[in-house]
Amino acid sequence: MYYCSKCEKEITTCPACKQRISDTTAMLYYQLATICFAVAAVFFLLELELQEKTSKALQPFKAAAEIAEKKAKIEAVDIPKPPKKTTPASKAQAPKKSPIRGQTADFRAAMWGTSRSHITDTEKAQLLNDASAYDLDYLDTINNLNAVVRYTFSSNRLESGHYIFFGDKCSNLEQLDQASLKKIGDNTPNSIQSLFEIFPTQRNKALTDVKSIELFYHEMLTSLVAQLGEPIEMTLAEQENQFTPGQKAATVMAFNRALSYSWDTPKSIVDLVFAAHENSMYLSISYHNRKTAK
Amino acid sequence: MASIECYHCKQKTDECPECHEPFEQRLMLPVVLFIIALLLSGITGYRWYSAMEEHEKAMALRQTYLKKNPEALKKLR
């Protein structure tokens, strides 16, 4: 562009013939810039094409790498070695079976650190909820009772698993002499109360009177004690043996209290929580990865 | 000093027809555009060259892998 700084005007016409003039140097630069832009565009497209070809060429490696990664992760969670086969001398000496079926791995068929996608592929129970990034809920039937099976993940890896049994509203509480009952345990935590809102329909009609709740709670506790030994921690501590299972169940149901027990095993921390919310029973058996348990 | 050579009348002019002062040629915009375009083509060219090298490496790896694991080729098909 030709420009007179004194008149502050652009000179666009020839002073002699009044024909339009153009700045050839500027035009040349513009043309060169256009060519450069075109070359850049071509390089860009070629690069995209090459990247696509490269990713296609690496396809077999990706599949192999994924398998290797999965193997590495399974090894990282310390695969349990099968125990040496010993023939039990008699039936009495044979280990008691867990009330929770499928206890061959860390939690059901899964091991700690298993990916979420693997569990969704292998779990056969009815899916309840997979909306949360941290939890995966299934509905299963254990001992003819509905149980929510909850898998909890951290960074998409299995960290803990829970069996949760909900009872329906307890019907015969007015028959109890509540004045003679001693309040034991803790108040039912809010985290448990919120679970009642999350699972409004998974209530067991068989667990609606204190006697059946007492039997269920006692069966679960004794079964875990038989498998894992005495709990290392429990809410009642030394007072545990001062109350009968019936008294504990009645207190928990009448006053919406919570009792918990904890076991420590080489690979997992196991918790049993027996609680009530609005006079409805809650019993959960939780397995936590020992390496990540808080 | 800038001058204009008219393509029509072939006359050379190096002063403003109104104030008869020497004028200037402003080339800032086209030069800047040209430099940007040049840099852009240089960068994309380098990226393409890198992608080309990566592709060649990937192809060599693929050939070696497929020679060792011919069953992987069947899976790809």
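In which kind of crossing, right-handed or left-handed, does α5(A) pass α6(A)? In this predicted model, the crossing of α5(A) with α6(A) is right-handed. Two packed helices are described by the angle between their axes and the distance between the axes. For helix α5 (residues 210-228) and helix α6 (residues 245-255), both of chain A, the angle is about 115 degrees and the axes are 9 Å apart. On the α5(A) side, the contact is made by A:Val210, A:Ile213, A:Glu214, A:Tyr217 and A:His218. These residues meet A:Pro245, A:Gly246, A:Ala249, A:Ala250 and A:Met253 of α6(A). By residue class, the contact of α5(A) with α6(A) comprises seven nonpolar residues, two polar and one charged.

Chain A has 294 residues, of which 26% are buried. Of the contacts in chain A between residues at least 6 apart in sequence, 63% join residues at least 24 apart.

Chain A also forms a contact with chain B, to which chain A gives 38 residues and chain B gives 41 residues. On the side of chain A that touches chain B, at least two residues are supplied by each of β1 (2-4), α1 (24-57) and α2 (59-76) of chain A. The largest share of this side, 19 residues, comes from α1(A). In terms of residue class, the side of chain A that touches chain B has 28 nonpolar residues, six polar and four charged.

Strand pairing also links the two chains. Strands of a sheet pair through backbone hydrogen bonds, either parallel or antiparallel. Strand β1(A) is joined by two bridges to strand β3 (residues 24-25) of chain B, and the two strands run antiparallel. Within this pair, A:Tyr2 stands opposite B:Gln25, while B:Glu24 is the bridge partner of A:Tyr3. The pair is part of an open sheet of three strands with antiparallel pairing, in the order β2(A)-β1(A)-β3(B). The edge strands of this sheet are β2 (9-11) of chain A and β3 of chain B, each of which pairs on one side only.

Key: Residues numbered from 1 in each chain as written. Chains lettered and ligands numbered in written order. Predicted model: local features only at pLDDT ≥ 70, side-chain atom pairs only at ≥ 80, totals over all residues. Contact = placed C-beta atoms within 7 Å. Helix = DSSP H or I, 4+ residues; strand = E, 2+ residues; numbered from the N terminus. Nonpolar A, V, L, I, M, F, W, Y, C, P; charged D, E, K, R; others polar. Pairing = 2+ DSSP bridges. Buried ≥ 20, exposed ≤ 12 C-beta atoms within 10 Å, placed from the backbone. Axes fitted to C-alpha atoms, helices over the stretch in contact; angles between N-to-C directions. Left-handed = near helix turned anticlockwise from the far one by under 90°.
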